[in-house]
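User: Hey, can you walk me through the ligand site in this model?

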Amino acid sequence: MSGPSEEDFPVVNSYTEWDPLEEVIVGSLAGGVFPTWQESMGPTLPHDSVRIFKERGGTPLPAEHAAAAEEELDGFAAVLQERGITVVRPEPVDHARTFGTPQWQSAGNSSGMPRDLLIVVGDTIVETPMSWRCRKHEVDAFRGLIKSYFRRGGGWLAAPQPELKDALFDGDFDPATETGWAITDFEPVFDAADFMRFGDDLVVQRSHVTNEFGIEWMRRALGSRFRVHEVPVNDPHAMHIDATMVPLAPGKLLVNPDRYVPNPLFRDWEILEAPKPALGPDWPMYFCSPWLSMNVLSLDEKTVVVERQEQPLLDALTDWGFTCVPVDFRHVYSFGGSFHCATLDVRRRGRGGTYLDGTV
Ligand code: DAV
């Protein structure tokens, strides 16, 4: 045996996006439905999805395409397992079931994108307060796993439950004519995927699902060890930072050339602009832009899982010194994410530290 064994790290342990991966949750689209429409979704969605969600919210995802996506998720899980990584999956959930509060009612979404709703910071899994009403109970499919990690010593922190009343939403916000955000600071809300982890530093973007109140909650909840840096990005549709900047190794940042705003935090980092996505405009994308091409998952600081058809990115990363693991995932793209979105790295070998300039 070479290298430290699993026992050397707590059951929940992940400080960065690049330390060697030991255990990961891979999402599942089984039981998934189209989101129940709410106005604050508009600025984040591809144009046609507004109509599709309004008409089909709460009804099952297109069966054949979703089945192909689920096969890709299973195939991805198998690739990780073959490399000795422990893979766990959510419990089956029927997302068509409705729920609500005294103010509103909604059906669910899917269990495909654990990155959006959970974040591991050090030895703790944080449950986030998501602003899409349809995502209010999304964590339920992952609760069995979280309880199991907690019983084995993992940390578990849940943000205050948001009410998601109309006061959270800027009802008049028109993305065509206005800059700003579709949510107010009525209460703390954020999606986990608006954060990116760099050891003892986290980077976060304000977005249409993450407000200042949410960022401040996270900053205080994480305590004095961790520093939370809000960074400007050039993205009027902002929702999730993981198709904008993805660190692949200490000092190596993959960025979206349309969205990345140079930042002194990365003064000493090499920056690679992701090539244009390979996917054509006819492919169905219900939630996201084709920039999911750069939503890659690092297995360690030399190895990256990349979608098999993204040849320009495969070439660019290989030239940059990485070993790429090509995996089919374009059907999953359609439902809101690629390898980073569809996973939650519960345990990586690493102990944190300072990687960003100007933070010590
Ligand atoms: O549409 O480029 C993708 C992020 C998904 N979690 C986009 C953002």
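User: Where does arginine 259 come in?
Analyst: A polar side-chain atom of arginine 259 is 2.9 Å from an oxygen atom of the ligand, which is a polar contact (a pair of N or O atoms within 3.5 Å). Keep in mind that this is a predicted model, where local features need pLDDT of at least 70, side-chain atom pairs count only at pLDDT 80 or more, and totals for chains, interfaces and linings use all residues. Residues are numbered from 1 along each chain as its sequence is written, and side-chain values use heavy atoms, with hydrogens and water left out.

User: What about serine 289 and histidine 240?
Analyst: Serine 289 has a side-chain N or O atom 2.6 Å from an oxygen atom of the ligand. For histidine 240, a side-chain N or O atom lies 2.9 Å from a nitrogen atom of the ligand.

User: How much of the ligand does the protein bury?
Analyst: The protein buries 93% of the 280 Å² that the ligand exposes when taken alone (Shrake-Rupley method, 1.4 Å probe).

User: Which residues surround the ligand?
Analyst: Among them are Asp116, Met239, Asp242, Cys288 and Cys341 (each with a heavy atom within 4 Å). By class, the shell has five nonpolar, three polar and three charged residues; here Ala, Val, Leu, Ile, Met, Phe, Trp, Tyr, Cys and Pro count as nonpolar, Asp, Glu, Lys and Arg as charged, and the others, Gly among them, as polar.

Methods: Polar contact = N/O pair within 3.5 Å; in protein donor to acceptor, adjacent residues only side chain to side chain.
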